Amino acid sequence: MMLCPVLAGCAVASGAASAPAQRQPSPCHARGHGRFSLPDRHCTPGVIAPAVTQGNIQRTICRPGYSSSVRPPESVTAPEKRASMRAYGDTGSPRQYEYDHLISLELGGAPNDLRNLWPEPGASPNPKDRLENRLHKLVCNGSMTLASAQREIATDWVTAYHQLFGAG
């Protein structure tokens, strides 16, 4: 099975939602700061789950409870978060960061691939969560394709946020 960084333009095979987490490249450097930070494109390009396709969104991401059904447990993500913080050079308390999926689970992001996870500064909810919710709604009501929403988030979620909501 191949997991596909969304910006690579590779074909995505159907299969399991996620591969085991692998070591994140280091050093990584967030772009921007605070609640409008972007992850390092090399370390966290964003990866989609091949089991989620445009053709099955009503059975996957648009189904209530989908995200919680694929979210890895904290016993798995807590040590990954600390390792990701080290890769990004973040020395604060883990409580100061959300271990966030660049492409959210509700948009078909890979649940436990380090290329889709990063230590986002600040707590949740945050501005990115607001954008994810809006894009999820647009995808599920047919106003936007899944691939377009994934690209918006992975490419530059901050710009997408400002285009939808203003300076906020």
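Modeller: First, a definition: buried means under 20% relative accessible area, exposed means over 50%, and partly exposed lies in between (1.4 Å probe, protein chains only). This is a predicted model: local features need pLDDT of at least 70, side-chain atom pairs count only at pLDDT 80 or more, and totals for chains, interfaces and linings use all residues. Residues are numbered from 1 along each chain as its sequence is written, and side-chain values use heavy atoms, with hydrogens and water left out.

Now the rings. A pair of aromatic rings is described by the distance of the centres and the angle of the planes. Rings of Phe, Tyr and Trp (its six-membered ring) pair if their centres lie within 6.5 Å; planes under 30 degrees apart count as stacked, over 60 as edge-to-face and the rest as tilted. By this rule there are five aromatic pairs.

Take F36 and W157. Their rings are stacked, 5.8 Å centre to centre, with 20° between the planes. F36 sits in the loop between β1 (4-5) and β2 (47-48), while W157 is in helix α4, 121 residues apart. Helices (H or I, at least four residues) and strands (E, at least two) are DSSP runs, numbered from the N terminus. W157 counts as buried because its relative accessible area is 0%. F36 has 23% relative accessibility, so F36 counts as partly exposed.

F36 also pairs with Y161. This pair is edge-to-face: 5.4 Å centre to centre, 65° between the planes.

F36, W157, Y161 and F165 form one aromatic cluster. R130 lies over the face of F165, 3.8 Å from the ring centre. The rule here: NZ of Lys or CZ of Arg within 6 Å of the ring centre and within 35 degrees of the ring normal.

Next, the core. A nonpolar core is a set of buried Ala, Val, Leu, Ile, Met, Phe, Trp, Tyr and Cys residues joined through side-chain atoms within 4.5 Å. The largest one has 23 residues, and W157 is among those with the most contacts inside it, as are I61 and V139. Elements giving two or more residues are α3 (127-140) and α4 (146-165). The largest share, nine residues, comes from α4.
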